[in-house]
Amino acid sequence: MKALRALRTLSSKPRKTPLNPTFFHRFYAAQPQEDDSSHTPSLSDSENGSDSVFDSTHYDIPTISSDSKPKIPQKPTWNTKYRSKADELIDQKKKPDDLIFKNSSLAKKLLEAAVCLPSDDEDEEDEEEVVKEEDQKALSVGIIGAPNAGKSALTNYMVGTKVAAVSRKTNTTTHEVLGVMTKGDTQICFFDTPGITLSNRGCPYKDFKVRVESAWSSVNLYDVLIVIFDVHRHLTRPDARVIGLIKRMGAESHPIQKRVLCMNKIDLVEKKKDLLTVAEQFKDLPGYERHFMISGLKGSGVKDLTQYLMDQAVKRSWEEDPFIMTEEVMKNISLEVVRERLLDHVHQEIPYGIEHRLMDWKELRDGSLRIEQHLITPKLSQRKILVGKKGCKIGRIGMEANEELRSIFKRDVHLILQVRLK
């Protein structure tokens, strides 16, 4: 047996040297690899590493004003019947020259009418249309309700752009957010407040300390107060604290302020007859002048609410510029957009304990914006979760927020997010 083993050893072929596994990893990995493989990361590297910083300039994002951007051919906006009529009139191969001139001019007018191109005079009239100060009307509207009732979604729909973060998580709004809507001679300022509730004893529930106290203290400062609640949740899982809030705000009519009750999220209710049952439940409250059934996300019933608010406006000079978005408003929007993406991708209690700061805001010479924000976490473990593997999570938050800010501001945005410890 020993001789047989020796014979096998001598006759066996030499094995091939296996390829370096890092070679295949470099060849097929989507992530770039570090050149120095002998370097062992230390605690200082984990705290201040490049993975914790998102910089949109490191990504190939096409600029809005770039001339190299491929032009997408626009689809024709004219009606087919006008186009066919114009084609018949333009085809003048066998007609005299005077008829060619007449028919071509007629075809041109038909095309202009079909495309509905505004004339230069109309554009000048629109630009010169400025409401005089003595003709201006204004209204301040406060929106209050329980957490996750849809206050921010209604504010964004009314204003026509995102001014407040919207998330499925409760207590998304942490401070009062202003949104302005201007139509004709009327300007309405919407104030989105943090969610408030009542305790079992019927007193204001101070679960978020200062923010909830400030929301309660500003209730009587608005011309119109909208009390909003989730009607779908009220039908499936009624909450005594929400019912107590509705009854307390509508118990007595306010001498100066007008209050309305809005049943939100009616698009989630399958049986619409149930909405009438809820309306009957709160119809005897004297404090509410009107009741509205709306969907702040889809826009159902919002038109009637808007018309009601327009009718309540009083003669008063406007407080905000209707044509220019101020820098302060833009800064708040940038914070709200990043916070919304943060709540979408980071869960449990982590996003509520993060300190969110705007560190730098610059308008560059080419018209683009450079925005730097810091996300400060109290624990190293939370920082690792927020950064993600090789910075994938903070990168995803930054890319989505950067794209949305570009669409809101209609200009290039260079967003920088840094995650650091407190």
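Q: Which residue of strand β10 is the bridge partner of Glu363?
A: The general idea is that two strands are said to pair if DSSP finds at least two bridges between them, and helices (H or I, at least four residues) and strands (E, at least two) are DSSP runs numbered from the N terminus. In this structure, Glu363 has Leu369 in β10 as its bridge partner. Before going on, note that this is a predicted model, in which local features need pLDDT of at least 70 and side-chain atom pairs count only at pLDDT 80 or more, while totals for chains, interfaces and linings use all residues. Residues are numbered from 1 along each chain as its sequence is written, and side-chain values use heavy atoms, with hydrogens and water left out.

Q: How many bridges join β9 to β10, and do these strands run parallel or antiparallel?
A: Strand β9 (residues 355-363) and β10 run antiparallel and are joined by 8 bridges. Their hairpin has 5 residues between the strands, and within it Gly367 takes a positive phi near 90 degrees. On the other pairing, β10 and strand β11 (residues 413-421) run parallel and are joined by 9 bridges, with Leu415 in β11 as the bridge partner of Ile371.

Q: Why is β10 described as largely enclosed?
A: We call a residue buried under 20% relative accessible area, exposed over 50%, and partly exposed in between (1.4 Å probe, protein chains only). In strand β10 (residues 369-377), 8 of the 9 residues are buried, so the strand is largely enclosed by the rest of the structure. For the chain as a whole, which has 422 residues, 37% count as buried, and the chain contains 15 helices and 11 strands.

Q: Which residues have the most contacts inside the largest nonpolar core?
A: A nonpolar core is a set of buried Ala, Val, Leu, Ile, Met, Phe, Trp, Tyr and Cys residues joined through side-chain atoms within 4.5 Å. The largest one here has 50 residues, and Phe190, Leu305, Leu309 and Phe409 have the most contacts inside it. Helix α15 (residues 392-409) gives this core its largest share, 6 residues. The core lies between domain 1 (43-66 + 325-421) and domain 2 (137-315), because both of them give residues to it; such domain bounds come from an automatic or database domain assignment. There is also a second, separate core of 27 residues, which includes Phe229, Ile246, Met249 and Ile266.

Q: What is Phe190 in contact with, leaving aside its neighbours within four places in sequence?
A: Contact means heavy atoms within 4.5 Å. Among the partners of Phe190, with those sequence neighbours left aside, are Val141, Ile143, Met158, Val177, Met181 and Leu309. Across the chain, residues 24 or more positions apart account for 71% of the contacts with a separation of 6 or more.

Q: Where is Gly150, and is it buried or exposed?
A: Gly150 sits in the loop between β2 (137-145) and α7 (151-159), and with a relative accessible area of 16% it is buried. Gly150 and Leu297 are 147 residues apart in sequence, and their C-alpha atoms are 7.9 Å apart in space.

Q: What does Arg341 touch beyond residues up to four places away in sequence?
A: Arg341, which lies in helix α13 (residues 327-345), touches Ile397, Glu400, Ala401 and Glu404. With a relative accessible area of 18%, Arg341 is buried.
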